[in-house]
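Hello,

Here is the structure we talked about handing over. Please open it first, then read my notes below.

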Amino acid sequence: MSTATELKNHLADQLKQDHLAGYSRQKLMALTEQHGSPLFIIDEDRIEAQYKSLTRALPAVKMRYAIKALPEPHVLRKLHAMGCGFDIATQGEIDLMKRCDIDATNAIHTHPIKKDTDIKAALDFGCRFFVVDNIAEIDKFIPYKEEAALLIRVNFRNQDAVVDLSRKFGCLLTRVPDLVTHAQHCGIEVVGLSFHVGSQVPSPSAHINAIEMSADLMINMPQVNWQILDIGGGFPIEYNGPVMSIEDFCQPINEALSALPPEIDLLAEPGRFIAGPSAIQLLSVVGKAQRGARTWYYLDDGVYGVLSGQIYDHAKYPIKTLKPYGLNETLYPSVLAGPTCDSIDVIDEDTALPDLQIGDVMVATQVGAYTMSSATEFNLYFKPKSLWLKSTDLS
Ligand SMILES: Cc1ncc(COP(=O)(O)O)c(C=O)c1O
C-alpha cells in the first residue's frame, strides 16, 4: 500500500469482501460443492423483505410485480401469497401465472403493442385492463369493447434513468385527449393513465413530474371516468454505488400522489426493486491465463448467461471471490471473463484480485432482476441451476 488513500480503499474493499451481501462464505462454498456451479440462488426472505419495504414506503399504492424481471414460479407464488398483483406483458407470462395457480384478479396487461392472439389470451385468462399508446392499438380492442378497459401510457422522457423506457413506448401527454376521444368514439372504455419513467432511476423527480402532469390531465378531462393511475417501476437498487433509500425515494412520490382524487386506484409495476437484491450467483474459475499485465480468469458463466444484464440492462454486478484474503495479500490487475467463445463475453476488464486458482468460487450479488430472464444458451452453455432458499440457508 503506497498511499493512505489506497490503504483506505483497500480496507473498504476488504470490509465489503467479508460482507458477501450478508451471507456466509462457508455456506456458499458448501452449496457450490453440493450443487455445482454456476448456481443461481433466490432468497425467499429477501423477496419478502423487498416487497414489504416497498409497500411500506408507498402505502397507498397497489403493487403489480413486473414478471419480466424474474419470471420464476416461487417468486410469483410468494408475492401472490403476500397480496401482490402482477404486470403481465406476454402469453408466456400468463402461462406462468396459470402454472402457479394465480388467477387474473390483480393482473394488468402492460405491453403497449399486442397481437390479437395476445389480447384474446389475456381476456380468456380474465385480465380486463390493458395499456395502449396509439390509435392502431386502440382499434385492436373494437371486437373486445364489452370486456376490456384501457389505460393510456404516457411518455415522460428521463435522461437520468439507467434504462429509458419512454424512448420506445408512450404517447405525448398532449396526444391523450385525441386517443381518449377515438376510443370513446369506438365505444371502448378508457379508465386510466400509466407511465414508466425508466428503470433504475436515481431520484424521484421524474415520478413526481409524471404524477403531477397526469393528475392535471385527469382533472382537466372530467368526461373520462378515471379509475387508475399506474406509476410503473423504476425504484432503484444498489449495484456498485449508493442509491437513495426507498423511504426517501418514495416520500415525495406519496406527497404528489395525495393530490389525486381518492377514488383513483394507484398502481405500481416494480420489477428490479423486488427481484434484484433477492438473488446471487455462484461462479467458479474454470481457466486462468496471463495476458500482458493482467491475469485473465475465465468463469463458468458470463454476459451470455445470468450476467446478461450487463449488456441488456446496463448493470454492473458486485462480484467477489469467496477466497478469504488478508490485508497483506497482494492484489493483481485482473480480468473476469465468461466461458463462451465470443470476445464480448468479458465481465470486468479491470479489477484487482488476489491470486486465484482453477476451482475457486466467486459470488455475484444483486443479480435477481433482468439476469436469468435475459440469459441465453449461446454455445449451448445452459442456464444455471436455480435454488429457492431461505436466508438462514445462506447466512
Ligand atoms: C411496462 C413495464 N413495467 C414495469 C417494468 C419494471 O420496471 P423496474 O424493473 O424498473 O421496476 C418494466 C421494465 O422494463 C416495464 O417495461
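Start with the loop that holds proline 38, between helix H2 (25–35) and strand S1 (39–43). Helices (H or I, at least four residues) and strands (E, at least two) are DSSP runs, numbered from the N terminus. Serine 37 and proline 38 are joined by a cis peptide bond, with omega at about 5 degrees. Most peptide bonds are trans, and most residues other than glycine have a negative phi. Histidine 314 has a positive phi, near 55 degrees. Histidine 314 lies in the loop between helix H12 (309–312) and strand S12 (319–321).

A word on the source: this is a predicted model, where local features need pLDDT of at least 70, side-chain atom pairs count only at pLDDT 80 or more, and totals for chains, interfaces and linings use all residues. Residues are numbered from 1 along each chain as its sequence is written, and side-chain values use heavy atoms, with hydrogens and water left out.

Polar contacts (N or O pairs within 3.5 Å) follow:
- Glutamate 269: a polar side-chain atom lies 2.4 Å from a ligand nitrogen.
- Tyrosine 370: a polar side-chain atom lies 2.5 Å from a ligand oxygen.
- Glycine 234: a backbone N or O atom lies 2.9 Å from a ligand oxygen.

The protein covers 91% of the 390 Å² of accessible area that the ligand has on its own (Shrake-Rupley method, 1.4 Å probe).

Regards

Methods: Polar contact = N/O pair within 3.5 Å; in protein donor to acceptor, adjacent residues only side chain to side chain.
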